[in-house]
Amino acid sequence: MNVFLSYSKKDFFFAELMEIKLEEAGIKVWRDKGSLVAGTDWQQGIERGISNCTAVLIALSENSSGSAYVTYEWAYAIGKGKTVIPLKIGPCNFHPRLESIQYLDFSSSNSLPWDLLIERIKEIEVDADLSSFDAKAFIAKPTDTDSVHVKSILNYLNQHGFQ
């Protein structure tokens, strides 16, 4: 399970706490710190991180609402068909594109919805696993022996009046 965390550098401590909480729940967090290394193309790294994740979490605050980088990340994620989960961590204006997406409110320290977030990420992971499941690979192909057995069964049923 892997999620991408988009946040403003000014919200660094929230990102640190988010990573700790999610990793305690067995959810790996991709974020710039630790994932991007000096000398590499950071834009390609971010795009690869988003492409390889299950969901994109956006830490929304006054800081991130005005960040072109955060906007690029969530817009890229939506374009890739990723599930985007806005996390309101402080007062801010939502971009019109994000207004219709249900968010989790982390702005009140009295009721931080960690359990709801973890549960939702796990649901998304299950949905992703199911959508990539190829049932056709598990369907047995009939063999000549199967045909003989089917014919024998049909003959038996016909002889005993089951039609």
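Residues are numbered from 1 along each chain as its sequence is written, and side-chain values use heavy atoms, with hydrogens and water left out. Because the model is predicted, local features need pLDDT of at least 70 and side-chain atom pairs count only at pLDDT 80 or more, whereas totals for chains, interfaces and linings use all residues.

Helix α5 comprises twelve residues, 68–79. Helices (H or I, at least four residues) and strands (E, at least two) are DSSP runs numbered from the N terminus. From its first C-alpha to its last, α5 reaches 16 Å, close to the 16 Å expected at 1.5 Å a residue; the expected span is 1.5 Å times one less than the number of residues. V70, E73, W74 and A77 of α5 are buried, while A68 and G79, on the other side of the helix, are exposed. Here buried means under 20% relative accessible area, exposed over 50%, and partly exposed in between (1.4 Å probe, protein chains only). Seen down the helix axis, the buried residues of α5 fall within an arc of 85°, so they line one face; the arc is that of the directions from the helix axis to the C-beta atoms. The cover over the buried residues of α5 includes β1 (2–6), α3 (42–51), β3 (55–60), α4 (62–65) and β4 (83–88). Just after α5, G81 takes a positive phi of about 80°.

R31 is placed in the loop between β2 (28–30) and α2 (32–35). With 0% relative accessibility, R31 counts as buried. The R31 side chain makes polar contacts with the side chains of Y7 (3.3 Å) and E19 (2.6 Å). A polar contact is a pair of N or O atoms within 3.5 Å; within protein, one must be able to donate a hydrogen and the other to accept it, and residues adjacent in sequence count only if both atoms are side-chain atoms. Leaving aside neighbours within four places in sequence, R31 is in contact (heavy atoms within 4.5 Å) with L5, Y7, F12, A15, E16 and E19.

K82 lies in the loop between α5 and β4 and, at 21% relative accessibility, counts as partly exposed. The C-alpha atoms of K82 and I50 are separated by 8.0 Å, although these residues are 32 residues apart along the chain. Beyond neighbours within four places in sequence, K82 is in contact with I50, S51, C53, V56 and A77.
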